[in-house]
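Biologist: Could you walk me through this model, starting with the annotated region and then going wherever my questions lead?

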Amino acid sequence: MFEYLNCRIPKRIEEDLEHVSAVMVPLLKKTDGYHILFEVRSKKLNRQPGEICFPGGRVEPGETPKEAALRETQEELLIESKDLKLYGALDYFLSPAQARIEPFLGELTNYHGQFSEAEVDSVFTVPLQFFLETPPDIYYNHVMIEPSKNFPFSDIPGGTNYPWATGRYEVCFYRYQGHVIWGMTAKILSNNLKYLTREL
């Protein structure tokens, strides 16, 4: 009985409730070495206007995260597939709010600073060497459970005094020439730098 479990790949409980997006960490070769390109989101957008991010967006139905990262990067930077060399997947990030971000590493091979003004306000680059030499500033948000008003406290030991688990959420910040790179973008970058140094 239950032999089928021997070859089953487990998945995270409530994984189907995650909001899955994919981003590209785009490298750009310059005379002084590799740079990483960032976008400043358009101030016209409803979500996170004006924030700094990587090219990317929501994974559409029937689309893989890799396909989404490639599509979004081409749309936002106004490039063709031949102008982007994909290297592979990096470690993904899952936020306390069930947002899963799947990053990929790629290199822009024929890029001249253009972008879609519908989604992007501007772009800029930061030398990869800066991130290798500069650890992020780390701050913490406290994560707490707040039960709903109709939660059945009478059915659990301790009632309203139940000792809910708490935690903390690490938030990374990089500051470079007036730009503040923080949050999920900084977290993805800082935790994947080890993969970006192997070829240097």
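Predicted model: local features only at pLDDT ≥ 70, side-chain atom pairs only at ≥ 80, totals over all residues.

Biologist: What does the UniProt annotation call residues 18–150?

Modeller: The UniProt record, which is an unreviewed entry, labels residues 18–150 "domain: Nudix hydrolase".

Biologist: Which way does β1 run against β7, and how many bridges join them?

Modeller: Strand β1, residues 19–30, runs parallel to β7 and is joined to it by 10 bridges, with H19 standing opposite A99 of β7. Strand β5, residues 84–89, pairs with β7 in the antiparallel sense over 5 bridges, and there G88 stands opposite L105.

Biologist: And what about β6 and β7, how do they pair?

Modeller: Strand β6, residues 93–94, pairs with β7 in the antiparallel sense over 2 bridges, and L94 stands opposite R100 of β7. The two strands β6 and β7 form a hairpin with 4 residues between them, and Q98 in the turn has a positive phi of about 65°.

Biologist: Changing topic, what is the strand order in the open sheet of 3 strands?

Modeller: The order is β9-β10-β11, and the pairing in this open sheet is antiparallel. Strands β9 (137–143) and β11 (179–182) stand at the edges with a single partner strand each, so one side of each has no neighbour in the sheet. Neighbouring strands here are turned by 30° against each other on average, ignoring direction.

Biologist: How many bridges hold β10 and β11 together, and what lies across them?

Modeller: Strand β10, residues 167–176, pairs with β11 in the antiparallel sense over 4 bridges, and Y174 stands opposite I181 in β11. Helix α3, residues 183–196, lies across β10 and β11 and runs at about 85° to β10.

Biologist: What does I138 touch?

Modeller: I138, which sits in strand β9, touches E170, V171 and C172 once residues up to four places away in sequence are left out. The residue I138 is partly exposed, with a relative accessible area of 32%. Its C-alpha atom is separated by 9.8 Å from that of W182, although I138 and W182 are 44 residues apart along the chain.

Biologist: Now for charges, how many salt bridges does the structure hold?

Modeller: The structure holds 10 salt bridges. One of them joins the side chains of D121 and K43, at 3.6 Å from N to O. This pair links distant parts of the chain, since D121 is in strand β8 (residues 120–127) and K43 is in the loop between β2 (33–41) and β3 (52–53), 78 residues apart.

Biologist: How accessible are D121 and K43?

Modeller: D121 is partly exposed, with a relative accessible area of 38%, whereas K43 counts as exposed at 60% relative accessibility.

Biologist: And which side chain does E63 meet in a salt bridge?

Modeller: The side chain of E63 meets that of R71, at 2.7 Å from N to O. E63 counts as buried at 17% relative accessibility, while R71 is partly exposed with a relative accessible area of 22%; the cut-off matters for this pair, because buried means under 20% relative accessible area.

Biologist: Is K82 buried or exposed, and what about D83, buried or exposed?

Modeller: K82 is exposed, with a relative accessible area of 57%, but D83 counts as buried at 8% relative accessibility. The side chains of K82 and D83 meet in a salt bridge of 3.3 Å, N to O. Elsewhere, salt bridges that share partners join R12, E18, R100 and E102 into one network.

Note on methods:
Residues numbered from 1 in each chain as written. Heavy atoms only, no water. Pairing = 2+ DSSP bridges. Axes fitted to C-alpha atoms, helices over the stretch in contact; angles between N-to-C directions. Contact = heavy atoms within 4.5 Å. UniProt positions renumbered as here; feature names shortened; annotations may be inferred. Buried < 20%, exposed > 50% of the residue type's maximum accessible area, 1.4 Å probe, protein only. Salt bridge = Lys/Arg side-chain N within 4 Å of Asp/Glu carboxyl O.
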